[in-house]
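Here is a short briefing to read alongside the model.

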Amino acid sequence: MNRSNASSSSVESGQLRPTAAAAKAREPMNVLIVGVGGQGVIMVSKALASLAQSKGFEVKQSEVHGMAKRGGTVFSHVRFGPQVWSPTIPKGEADILVALEWAEGLRWLSYLKPDTGIFICDTKRIVPPFACLNRRPGAPLRYSRETPAEVKQHVAEGYAIDATQMAEELGNERAANVVLIGALSTALDFPPEDWEKALSQFVPKKTIAVNLEAFRLGRGWINEARTRVGVATVPAEAVPASMEAGYSVRLEITQQWCKSCDICVKLCPERCLRLNEERVVELAQPEKCTGCRLCELLCPDFAIRVHLDTAVPTQGAQA
């Protein structure tokens, strides 16, 4: 089993239908991209809009992101075709729904065309702190419990892909959105080289190589998923893990990114963080950390990552 098989799972096997060419002869193509702040939702939509415009389509784009802050809801409507009048996609009219976070994908399912819509979703879960009924390790969460197998019953064609893990294996987790662009590219009739050219315009110059690799990985995963027949069950690794099971909390702190702002220290509910002698944040009391992710969501410099490892039910430890 190769890397993409081990880290991903298709909700429904079958061939994604190339649909961009059809936009020339009918209503505009509607692509809805959703996620949370910090995932690169807007970059995905800008790359798609730029590519469609370069092919002579009229393009309209509408997005909401600024007030959401990092961790809040972000979405972008992209419509392209011979003529587009409105920038927003009505409910039930999205040809493709691309979700960078599991619960956000489910929340926007009503926008997908019920009979022909394509659903592409990262299985990554970003659980907000207010989803905790209490902060005890293992406490139940107000978070969607639907599995890919259950979602299959509500979409015409869908794919659940662990894009975040795939990007991590490439050495850059932030390329997860580009893995999903690769998956999206197989549903639109644009040449791969044109996608790569568009991507190169919107990603940081130093990351072009890893992002192009991420794009090809996502595209290759979908092409492989097309050959799968009758997926009756979904591997456990593709199902969002239950937080009621035992887990350990691991904080990853990138010291060179910490700007000593002290926000995480002051707002940590359990008071487990502190600034060390060099004014860099550290986990002072790992046994108190519950993995609420508030520090990660509030850090303006992306210096803190919270990992919830569903393994031995031990308390927090610093990486």
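**Cysteines and a buried strand**

C268 is buried, at a relative accessible area of 9% (buried means under 20% relative accessible area, exposed over 50%, partly exposed in between, with a 1.4 Å probe and protein chains only). Please keep in mind that this is a predicted model, where local features need pLDDT of at least 70, side-chain atom pairs count only at pLDDT 80 or more, and totals for chains, interfaces and linings use all residues. Residues are numbered from 1 along each chain as its sequence is written, and side-chain values use heavy atoms, with hydrogens and water left out.

**Cysteines**

- The structure holds zero disulfides, a disulfide being a pair of cysteine sulfur atoms within 2.5 Å.
- For C268, the closest cysteine sulfur belongs to C272 and lies 3.6 Å away, which is too far for a bond.
- C289 is also buried, with 8% relative accessibility.
- The closest cysteine sulfur to that of C289 is again in C272, at 4.8 Å, too far for a bond.

- Strand 1 spans residues 29-36, and eight of its eight residues are buried, so the strand is largely enclosed by the rest of the structure. (Helices, H or I of at least four residues, and strands, E of at least two, are DSSP runs numbered from the N terminus.)
- Both of its faces are covered: M29, V31, I33 and G35 are buried on one side, and N30, L32, V34 and V36 on the other.

**Pairing partners**

- Strand 1 pairs with strand 3 (residues 73-81) in the antiparallel sense over eight bridges; two strands pair if DSSP finds at least two bridges between them.
- Within strand 3, F75 is the bridge partner of V34.
- Strand 4 (residues 96-99) runs parallel to strand 1, and four bridges join them.
- Here V31 has I96 of strand 4 as its bridge partner.
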